[in-house]
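Please look over the sequence and the model below before reading on. The notes that follow are grouped by topic.

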Amino acid sequence: MRSIVKSDYAAEEITQDTFYLAYKNFSGYSNYGKERAWLKAIARNAARKYYNKENKNLYISFDSDDSENYYNILVSDELLPDEKIIHNELIGDILRLIAALPEQQRQIVTYRYINNFSISETADITGLPTGTIKSNAYYGIKNIREQLGINEKAKNNKNKKGAVIMKKCIDYYGLLFEYAKGYLTKDERDEVAVHINQCEDCTKIVKGLKVLYPYLQKEFDEDVQNYYNILFQIDDDYALSYVGFTTNLSKKKVEELNEILANNGNRLPDNQSISFIGHDSDIKLLSLYINDGGKVEFELVNNPNFQNNVRVNFIALAKFYEKQWNYSVYLGNRQSITQSEDAPNLYTGYHCNNLGTSAKCGLFTYIYNGATNIRIKKGSGVLDFDDSVKFAYSQRFTTEEERIDLSFTFNM
């Protein structure tokens, strides 16, 4: 440290901070044998923090010397109180998205943009090639940017304090199905209407959901469990899924649960865990509703029976039903429709699910406007509605062991 800074006092202070930070974070250190590189990286970061400690800006840096795609999000004491709240919430969202990244991406993004380690320092700490560090950092930040819905204007204005321009699509994806069904409050409907009037992509989603929903009501009303998954490929990297399924409860169980809700302000006690669904941990659950538009407050917990899976615990809701419909909306880093490299006008779609129980199942994938020559390889066919909305679909009864598949091709 004395070779980096000119002051003996500063070198001693930074060295003390280095060993304190190393001691504090050693439980999370896994690359044994590389302690020296790890300590040197911490020391360099501690030096930067030492010389910036008079700066009262709290920041999470997505800026980098090696890519213009990163940007800074600043929280300044000069901001108004309401602005501070908004920016702090945004930072909280970013940290939660980082925590949800795949393990290697999460580790590298944390080292690079939270701890401010350089590419070479991160490579020394992790033992990974610099190319791997760069690619994981790039795709990790790309993942976070897209889930936050930050557009190009935010990147161009990165040097302006507080210049964070948010696209609103991710804020509305979880509401679009309820909007299509007519179950939102008036204020929510008005807000969604303003957005879809300005957003062509969300307009297509709502249009597709509106014309498909009457078909779903008719087809998925069996006494057994019902399940359907409606998929929209929203860009080359992300897919949006609207899932509906039933849970059949006994009359006695419903009465017991509703009595608990009535006695606890529509909330379940901490020791009362109710969970009907789970999902892969790498996808984001945006919203959860039941039956006639009842919104569910929920929490995610790790599933002890399946790795990389989380359970969805119900926390608060208006009521339970004997035949309870659960409507969930997911955003995942999935590519369900891909463009052929050899034939650019050819697209391939694939969608599958293993529900793990006997059910009436349906998979529905929205096909791009203008698609021609649609061919179903596995599935039931194409639903072609009057207003040119098309869904490839697969629909049948499945047993506990069976998987339902949908695969198709089309030309653009």
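How many nonpolar, polar and charged residues does the lining of the second largest pocket have? The lining has 15 nonpolar, 16 polar and four charged residues. Here Ala, Val, Leu, Ile, Met, Phe, Trp, Tyr, Cys and Pro count as nonpolar, Asp, Glu, Lys and Arg as charged, and the others, Gly among them, as polar.

This is a predicted model, in which local features need pLDDT of at least 70 and side-chain atom pairs count only at pLDDT 80 or more, while totals for chains, interfaces and linings use all residues. Residues are numbered from 1 along each chain as its sequence is written, and side-chain values use heavy atoms, with hydrogens and water left out.

**The second largest pocket**

- A pocket is an open set of points on a 1 Å grid over the protein atoms alone, where a 1.4 Å probe fits, with protein on both sides within 12 Å along at least five of seven lines; lining residues have an atom within 4 Å of a point.
- The second largest pocket holds about 1,000 Å³ of space, a volume being the space filled by probe spheres set on the points.
- Among its 35 lining residues, Tyr227, Gly278, His279, Asp280 and Asn353 are the closest to its centre.
- Strand E5 (274-280) is one of the strands that each supply at least two lining residues, and E5 gives the most, with five.
- Strands (E, at least two residues) and helices (H or I, at least four) are DSSP runs, numbered from the N terminus.

**Nonpolar cores**

- A nonpolar core is a set of buried Ala, Val, Leu, Ile, Met, Phe, Trp, Tyr and Cys residues joined through side-chain atoms within 4.5 Å.
- Buried means under 20% relative accessible area, exposed over 50%, and partly exposed in between (1.4 Å probe, protein chains only).
- The largest core has 41 residues, and Phe364 and Phe391 are among those with the most contacts inside it.
- Helix H11 (residues 200-219) gives the most to this core, with nine residues.
- A second, separate core of 32 residues includes Leu317, Tyr330, Tyr347 and Ile404.

**Single residues**

- Most residues other than glycine have a negative phi.
- Asn291 has a positive phi of about 35°; Asn291 is in the loop between strands E6 (283-290) and E7 (294-295).
- Asn291 counts as buried because its relative accessibility is 13%.
- Asn373, in strand E14 (residues 372-378), has a positive phi of about 55°.
- Asn373 has a relative accessible area of 41%, so Asn373 is partly exposed.
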